[in-house]
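Hello,

Please find below the structure I am handing over to you. My notes on it follow.

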Amino acid sequence: MDPAYGDGMKTPSNSDYNEPRDRPEEDDINLNTYDKLIEAQVLLDNRMKVTVKRRLTNFDSTPIGKELLAFKETCNHKKNARAISIQDGYDISRNGNRTPKRTTVGWELLVEWHDRSTAWVPLKDLKDTNPVELAEYTVANKIAEEPAFKWWVDSCLRKRNRMISKVKAKYWKTTHKYGIRLPKTAKEAQQLDKMNGNDYLEKVIKKEMLKVWVAYEPNEKYSPEEVRTGKVPEMTGYQEITCHLVFYVKMDFTRKARFVANRSKTEAPLSITYSSVVSQESVRLAFLIAALNGLDIMSCDIGNAYLNAPCREKIWFRAGIECGEHKGKVMIVTRALYGLKSSGAAWRSVFTESLRKMGWIPTRINSDVYRRHGIKPNGEDNWELLLVYVDDCLAVSHDPELTMLKIGETYERNDDKFGTPESCLGAGIEKFTLPDGTEAWSMKSDKYCKAAVETVKAMLAEEVELGRVDIAIEVAIMSQYQANPREGHLEALYLIFHLLSKNPLRRLVFDARVPACDEDAFQLDADWTEFYGDVGEVDPPDMLEPLGKPVHFNVLIDADHTGNMVTRRSHSGIFIFVNNTMIKMLSKKQNMVESSTYGSEMVTMRIARDFIVEMHIKLKMFRCPIAGPENVYCDNKGVVSTSIPESTLSKIHNSINYHVIREAVAAKIMRVAKDDTQTNLSDALTKLMPYSRMQELMMGVLWDR
């Protein structure tokens, strides 16, 4: 008899047989449980023995050094003897019907993660997490008929296609703009012109195709049917795509057409498709630096920018009637057409090379911000800046016109115009006069706000990005329920849009004046050598001499302890002012529950410290002097006391945040002072309040004229 069973009194458990247990739900997993360093004994340099309690996390609560693996692609597959053969892959019913067996056993897939590591993953796990990618892989590698895939791959791909069709249907259902019918094809455009008795659409088609003809060339030797057979040697490796015209009506009722490629028909590697854009934060800093150092700003828009770059993919399409005499021919794409996955990266590479020849060098922290040494007419040295957002250029210089003309020598500007910017990243730009007569640049959101109220389709988060921090807390709270909204949430959205309709104009002014500071509120000349040694802030590599006037930081933080009544998580609020301008803000639910107000405020203070270091690096790469240390204001006296060398920590689980903050103070990155709740502006980012109180706090941050 098998001794494992015995008399039934000592039957081994499942764990004795090493049988797999049910996997826990994602919500029940505590990452610290699986961290081998937790509770480990560590000997520090000063011979002190300490115990590791938890791992340091990023601001989004991702453990540093324990980042979760993100799927990139499936590289290979294998099966073992347990896998069912194709002959045994069906269940046969009494009436002879064959049904595919539901099985995943015996198969493993080699998966590459985004950190470039690879691992063999069981089919059952990969099917649960990435079914569409796996289904596409099985079809491409001709294993979809295997029993492990046969029973589910077809239905998965049909579901994917239905979802894509619904997205496409949204475009095809858009038939009118401003009461004017929009054609979907060149043939329909011709019919509309004939019906309306004009040639508006014909003109915009000719205008667009006249510009875009440089992007392709005909292959007269072969027909599309011959190329599709795959037997044309010189077309080996080429992918076929479709191209079409997209029509649009501007606010002044003029028509516009764009010839674009269907990117879904191609597969391009990530290495030739990634292209970054300048951030809103960098734009705000540029306007502030211009005001601070008396520099001028001009902008221009490069027309048909992508067509200046070569096509990085091997593709062709069959010409339509919009291509005129080439209709029906094989057209090989030679330039970066709008719509291709690689076009953005191709254009960015070409434009960066042109700017380098003009003396512009991309900064390390933001490669879409370029710098160049300049000399003002009075002989004063300064750093000029050039910000690029795809085909929009913003020059900050004592003579930006020279840069605009230089760009115009190489590239065609839209309508051959450049000048003072009127808009940037969706926000209106104009000069604003402060009460003391000082002129400053300003960013206003009224145009976008009115459009959002009219269409009720805009993203409220974009309103906050454009400076509408007076609705930041409401948008942050609403964003927590995107996955499972209820009718009450819709009613709350109506109230937000009602507020925007009544108060469309709010202006963020780039005020370069330095605010007054009470030095007595800070702990001065504290000696931190005993605790952290001779620490200091680390400069980025290739650090050059900063030029111009220095900037001053004022950072205000607040936390609403256990503000979420369901999860009891706290809410962090941070304002970062550079001189008198709000540059960065955060209104976000914390990722972990804190047991005390002190703990939630410490988390917020640590996030603020990370933001300060990030802003320092960015400004240093812009070659802008920093006055420092930065003033940080908090309304919790216990947290403020951490910036004093003599303070002690009674709650060990806060020790990492505690020492990060203290070391930043010791390194003279920041200094901390108490600010009462009634005057702390960050209170508006953590708590719901009457709009009258919100207006009181936002006075001087947002202007309503």
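How many disulfides does a search of the whole structure find? It finds zero, where a disulfide is a pair of cysteine sulfur atoms within 2.5 Å. Cys 243 is in no disulfide, and the nearest cysteine sulfur, that of Cys 323, is 7.7 Å away. Cys 243 counts as buried because its relative accessible area is 17%; buried means under 20%, exposed over 50%, and partly exposed in between, with a 1.4 Å probe and protein chains only. Cys 156 is buried too, at 14%.

Before the rest, some ground rules. This is a predicted model, in which local features need pLDDT of at least 70 and side-chain atom pairs count only at pLDDT 80 or more, while totals for chains, interfaces and linings use all residues. Residues are numbered from 1 along each chain as its sequence is written, and side-chain values use heavy atoms, with hydrogens and water left out.

Overall picture

The protein has 705 residues, of which 43% count as buried. It contains 19 helices and 31 strands (DSSP runs numbered from the N terminus: helices are H or I with at least four residues, strands are E with at least two). Among contacts with a separation of 6 or more, 67% are between residues 24 or more positions apart; contact means heavy atoms within 4.5 Å.

Cores

The largest nonpolar core holds 78 residues, and Ile 574, Phe 575, Met 605 and Met 670 touch the most other members. Such a core is a set of buried Ala, Val, Leu, Ile, Met, Phe, Trp, Tyr and Cys residues joined through side-chain atoms within 4.5 Å. Helix α16 (residues 597–621) gives the largest share of this core, 10 residues. Apart from it lies another core, of 27 residues, including Ala 189, Tyr 216, Leu 307 and Phe 317. Leaving aside neighbours within four places in sequence, the contacts of Ile 574 include Val 555, Met 585, Ala 608, Phe 611 and Leu 685.

Val 369 lies in strand β18 (residues 369–375) and counts as buried because its relative accessibility is 1%. Val 369 and Leu 385 are 16 residues apart in sequence, with their C-alpha atoms 6.8 Å apart in space. Not counting residues up to four places away in sequence, Val 369 touches Leu 385 and Phe 622, among others.

Asn 382 is in strand β19 (residues 381–389) and is buried, at 4% relative accessibility. With neighbours within four places left aside, its contacts include Arg 372, His 373, His 398 and Leu 547.

Loops and surface

Ala 521 sits in the loop between β25 (507–510) and α15 (529–532). Ala 521 is partly exposed, with a relative accessible area of 37%. Beyond its neighbours within four places in sequence, Ala 521 is in contact with Val 672 and Ala 673. The C-alpha atoms of Ala 521 and Val 672 are 8.5 Å apart, although 151 residues separate the two along the chain.

Leu 44 is in the loop between β1 (41–43) and β2 (49–51) and counts as partly exposed, at 35% relative accessibility.

Regards
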